[in-house]
Amino acid sequence: MLAAVSQTADHVPRNRSAWDRWAAGYAAAGARNWAAAEPSWGIWDIPEAQAGVLPPDLNDRDSIELGCGTGYVSAWLARRGARPAGLDNSAAQLATARALQDQFGLRTPMACRPPTACGALTSACTALNGPTMSQWNSISATAT
Ligand SMILES: C[S@@+](CC[C@H](N)C(=O)[O-])C[C@H]1O[C@@H](n2cnc3c(N)ncnc32)[C@H](O)[C@@H]1O
């Protein structure tokens, strides 16, 4: 079934238009997460101190956040010394992310498409819909 879905020609624009419609509903949570001093994860908001999701040293790490939405994970990374870039399929989600970047005075690159030459990444993360904690660690380990 997954193969059938991924082979549809219009899944990317349909996904984008769905997330463009839903984006307004994510703005308030995005603002709360941007304002949070400490990261918390997943649908149960498990604090970083308990979950230990982030690599201990993010200083100078070139990182990519896949499906960055409102961009708060990138903000958490940047505040810990990383150089994050965010990718998201939804222009409306990225518009919220950029508004929050302006509000919090922290600009990092965000785009709908990756640059043609990505260069070397030292970490990658995704927090799609309540991440499992292992996602970060396994991606981070392979991208280092
Ligand atoms: C549930 S939101 C999560 C956003 C953010 N990571 C968070 O934790 O709040 C999922 C995000 O992934 C984006 N997305 C979904 N499919 C995508 C794809 N194929 N490529 C890039 N972004 C995608 C959506 O536009 C949306 O912003």
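Q: Is Ser74 buried or exposed in this predicted model?
A: Let's count what sits around Ser74: there are 27 other C-beta atoms within 10 Å. A residue needs 20 or more to pass the cut-off. With 27 of them, Ser74 is therefore buried.

Q: Which residues have the most contacts inside the largest nonpolar core?
A: In soluble globular proteins, nonpolar side chains tend to be buried together. Here the largest such core has 15 residues. Those with the most contacts inside it are Val73, Trp76, Leu77 and Ala97.

Q: Which helix gives the most to this core?
A: Two helices, α5 (72-79) and α6 (91-104), each supply at least two residues of the core. Five residues come from the one that gives the most, and that's α5.

Q: Which residues does Ala97 touch, not counting those up to four places away in sequence?
A: Ala97 is one of the residues with the most contacts inside the largest core. Once residues up to four places away are set aside, Ala97 touches Cys68, Gly69, Thr70, Gly71, Gly86 and Met110.

Q: How many residues of α2 are buried?
A: Helix α2 runs over residues 11-22 and reaches 16 Å from its first C-alpha to its last, close to the 16 Å expected at 1.5 Å a residue. The helix lies largely in the open, because of its twelve residues the number buried is zero.

Q: How many residues in the shell around the ligand are charged?
A: The ligand is surrounded by 15 residues, with Trp19, Gly67, Gly69, Asn89 and Ser90 the closest. Sort that shell by type and you get six nonpolar and eight polar. What remains is charged, and the count there is one.

Q: What pattern does the protein follow along the sequence?
A: The protein has seven helices and six strands. Buried residues make up 28% of its 144 residues. Among contacts between residues at least 6 apart in sequence, 56% join residues at least 24 apart. Read along the sequence, the pattern is α-α-α-β-β-α-β-α-β-α-β-β-α.

Conventions
Residues numbered from 1 in each chain as written. Predicted model: local features only at pLDDT ≥ 70, side-chain atom pairs only at ≥ 80, totals over all residues. Core = buried A, V, L, I, M, F, W, Y, C linked by C-beta atoms within 7 Å. Helix = DSSP H or I, 4+ residues; strand = E, 2+ residues; numbered from the N terminus. Contact = placed C-beta atoms within 7 Å. Near = placed C-beta within 6 Å. Nonpolar A, V, L, I, M, F, W, Y, C, P; charged D, E, K, R; others polar. Expected span 1.5 Å × (residues − 1).
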